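Subject: A structure for you to explore

Hi there,

Here is the structure I promised to pass on to you. Please open it next to this email, and then we can go through what turned up.

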Amino acid sequence: MSQAPVVRLEKDNDIGVIVVDYPPVNALGPGVADGIVDALNRGNADPEIRAMVLIGAGRSFIAGADIRGFGTGRKRAPLGSRTYDVMDRSAKPVVAAIHGYALGGGLENALGCHYRIAVPAAKVGLPEVQIGILPGGGGTQRLPRLVGPKVALDMITSGRHVPAPEALALGILDEVLPEGADLRSSAVAYARRVADIRPLPRVRDRAVPPYDPGLFDATRKAIARRARNQKAPYRCIEAVEAACTLPFEEGIARENEFFAELENSDEARALRYAFFAEREVAKLPDMPADIKPRDFHDPAVIGAGTMGGGIAMSFADFGYDVKIMDATEAALNRGMERIRNNYATSVKRGSLAQDDMERRLARIHPVAGYDDIKDCDIVVEAVFERMDVKKPVFAKLDEIMNPDALLFSNTSALDMDDLASVTGRAQNIAGTHFFSPANVMKLLEVVRPSKASPETMATAMAMGRKIGKISAMAGNTDGFVANRSRAPFNGEMVILLEEGCLPEQVDKVMVDFGYPMGPFAVGDLAGLDVGAEGRKRRAAANPNYRKLPIADRLVELGRFGQKTGAGWYRYEKGDRTPHPDPEVAAIIKQVIAELGTPQHDFTDQEILFRLLFSSVNEACRILEEGKAYRASDVDVMWLHGFGFPRYRGGLMYWADGIGVKNVYDQIERWHQQYGERWAPSRLLRHLAESGTPFREAKPAPFR
Ligand code: T1G
């Protein structure tokens with residue numbers, strides 16, 4: 001955002017049009033707010049101007065304050081001299097004309113205006129809580145006056161983007177234009193219509209509509225689980241409460257206090273880091289600038305199992321007609337049944353409308369065989385995770401698909417070069433690793449085999465974004481970036497049991513840390529037999545592979561997790577609540593006796609560090625081998641693939657908070673104590689010696 005900020009006051013006869021032109025999203029960067037204030041003052045001073053319009057140039061209205069400016073010590077205009085304060089003192093009406101996004105300070109400016117109109121596709125919201133702060137431009141005081149405290153609390157504590165038709169129904173907008181209407185000329189006409197209406201309808205002058213006094217405590221309870229360990233969501237509630245109990249100016253002062261308190265908090269800095277890491281991950285430094293992703297219209301999915309079904313739903317959810325096939329009609333029917341049930345569950349939960357379910361289901365086309373997909377332009381293979389099952393599928397696809405078709409595999413670990421070697425089109429092959437459940441999890445790990453063309457990789461990355469995923473690039477290595485960096489964590493958690501921990505003890509530490517579920521409970525959800533399959537393959541390939549006898553013993557006893565009613569925990573019929581199982585404690589004791597492993601007590605911190613440091617070390621190996629572009633890409637994968645608590649920024653960002661040297665020293669101590677498994681990676685040693693934070697680590701060239 002090096003371009004000079006531009007705010008122009010243009011005249012359309014008797015209407016002043018204030019144009020904010022600060023690409024890409026008209027954030028309130030340096031000079032923008034001052035430019036708006038200046039334009040308002042000039043508009044008010046110009047006798048020919050009877051009313052004004054505030055509009056954004058380019059693809060959006062104002063998408064909020066410039067997030068890059070937070071925590072930099074930049075000075076905010078004092079209370080009373082900000083854009084919405086000047087609007088409050090305006091003698092002439094100001095109409096906000098909204099397209100694209102009116103978010104954060106953008107919506108707050110619109111709430112400062114006297115009228116708000118929008119195009120149907122526009123979205124409005126106050127997402128500040130998602131970056132660890134609260135609306136700091138009067139939003140917590142003006143929005144409750146417009147929509148009532150209940151709706152305001154929902155919008156401000158969730159940060160959700162509200163589509164224009166709903167915003168009209170809620171009373172945020174005064175008008176939504178017909179589809180295709182020209183926003184600027186409609187806004188100018190609207191301004192002309194209201195130019196002489198007095199008094200000017202200022203939002204601040206409205207009384208807060210009646211509300212249930214228990215609303216605030218009820219909201220605190222409702223958000224308790226997802227707002228654990230965080231401050232911003234609770235400050236949002238307090239600020240809206242202030243709007244309902246204090247005069248406007250005092251409420252504004254309270255909001256301002258909370259904003260100053262939160263702007264540079266650990267939580268806010270971590271969430272800002274995550275925001276930009278999610279934007280950075282889309283940038284491929286070595287992708288030739290002239291390479292454009294290929295458009296696709298006709299995707300197909302091979303395999304209607306849990307993953308294949310979820311992948312097909314992802315395409316259908318984003319408007320694509322998708323073909324799906326499986327080896328047998330029975331398997332295909334089971335897959336379609338599972339898809340129907342998944343949608344029905346969402347309808348029952350109220351997160352999907354019945355007619356929307358029908359529309360999406362109608363886009364998923366079960367087909368009998370390869371002949372039915374030969375003209376598709378993209379195929380995602382999601383068959384059983386074994387090379388001897390995947391290779392025949394790829395050989396067949398190579399034989400029957402049109403030569404340009406792109407073939408993607410949903411493998412979560414297998415060698416993509418080996419898979420591509422059974423085809424004559426290695427340049428058109430890539431890995432697209434979805435996370436379970438594929439229609440819910442936002443991460444798509446895009447794997448680059450050595451012979452894939454840049455266009456194939458660009459298309460795979462773009463495909464993810466087009467179906468609502470965050471695409472992150474990974475090199476072709478066992479387990480790629482996500483599972484490979486996670487594997488030591490999965491091993492360490494079981495090894496801790498050999499030394500005296502219990503599954504529920506480890507899970508409590510990780511839940512307290514901020515995970516929605518502990519890793520042992522997650523294991524039971526995913527199925528312990530799946531993990532065992534991967535361990536068998538690795539042990540076969542590497543004689544030094546560190547076996548996990550306790551985990552293997554459970555699988556030998558048929559304890560696969562939720563699906564068998566017992567795994568690391570036991571489960572009551574029809575209930576997913578994990579219950580510690582004395583049988584598991586007995587199995588652990590038995591294996592410990594067989595191994596003779598020395599026992600000791602663990603602090604919660606030691607458990608946390610053993611799990612996460614093991615993955616930090618492996619992530620450094622991945623970077624030094626050039627299998628990931630940035631440390632922040634690893635963080636995006638942990639946030640969106642493994643549920644790492646977002647307000648901690650991500651694995652590597654969190655480790656930077658501990659300090660590279662501290663992480664290295666601890667790992668080196670465990671190296672001495674436990675041997676090779678804890679050998680520090682070369683990059684980690686280098687970063688520790690040079691005092692370089694993980695987020696500034698320079699990985700080897702990607703390969
Ligand atoms: N500040 C700085 N940069 C921003 C930005 C912002 N608010 N919003 C977007 N960008 C950059 C982004 O980094 C990327 O840059 C490019 O714009 C395109 O974004 C006082 C304090 C608007 C829904 O939280 O949610 O107002 O990578 O890839 O997918 O109360 O951007 O190309 O170099 O995301 O179409 C509140 C944040 C701020 C909105 C568009 N506002 N932005 O999504 O594009 S706090 C927000 C978004 C505030 C007041 C408070 C999304 C978007 P680059 P993109 P997109």
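Predicted model: local features only at pLDDT ≥ 70, side-chain atom pairs only at ≥ 80, totals over all residues.

Residues are numbered from 1 along each chain as its sequence is written, and side-chain values use heavy atoms, with hydrogens and water left out.

Salt bridges

A salt bridge here is a side-chain nitrogen of Lys or Arg within 4 Å of a carboxyl oxygen of Asp or Glu. The count comes to 62 salt bridges. In one of these, the side chain of aspartate 286 meets that of arginine 448, at 3.2 Å from N to O. Arginine 448 sits in strand β16 (residues 443-448) and aspartate 286 in the loop between α11 (266-280) and β10 (299-302), so this pair ties together parts that are 162 residues apart in sequence. Helices (H or I, at least four residues) and strands (E, at least two) are DSSP runs, numbered from the N terminus.

Another salt bridge links lysine 390 and glutamate 385, with their closest N and O atoms 3.5 Å apart. Lysine 390 is buried, at a relative accessible area of 1%, whereas glutamate 385 is partly exposed at 29%. There is also a network, in which salt bridges with shared partners join Asp12, Asp14, Arg50, Arg192 and Asp196.

A buried glutamate

Now find glutamate 668 in helix α27 (residues 660-674). Glutamate 668 is buried but has no salt bridge. How far away is the nearest side chain of opposite charge? That side chain belongs to arginine 685, and it is 4.6 Å away. For charge, Lys and Arg count as positive and Asp and Glu as negative, with His and the chain ends not counted. The side chain of glutamate 668 does make a polar contact with the side chain of glutamine 672, at 2.2 Å. A polar contact is a pair of N or O atoms within 3.5 Å; within protein, one must be able to donate a hydrogen and the other to accept it, and residues adjacent in sequence count only if both atoms are side-chain atoms.

The cores

A nonpolar core is a set of buried Ala, Val, Leu, Ile, Met, Phe, Trp, Tyr and Cys residues joined through side-chain atoms within 4.5 Å. The largest has 104 residues, of which Ile373, Trp568, Leu612 and Phe694 touch the most other members. Helix α24 (residues 604-624) gives the most to this core, with 11 residues. Apart from it lies another core of 82 residues, including Val162 and Ala268.

The ligand

Which residues are closest to the ligand? They are Gly105, Glu108, Glu128, Arg279 and Lys283, out of 31 that surround it (a residue is near if one of its heavy atoms lies within 4 Å). Polar side-chain atoms come within 2.6 Å of a ligand oxygen for glutamate 108 and 2.7 Å for arginine 279. For glycine 136, a backbone N or O atom lies 2.8 Å from an oxygen atom of the ligand.

Happy exploring!

Note on methods: Buried < 20%, exposed > 50% of the residue type's maximum accessible area, 1.4 Å probe, protein only.
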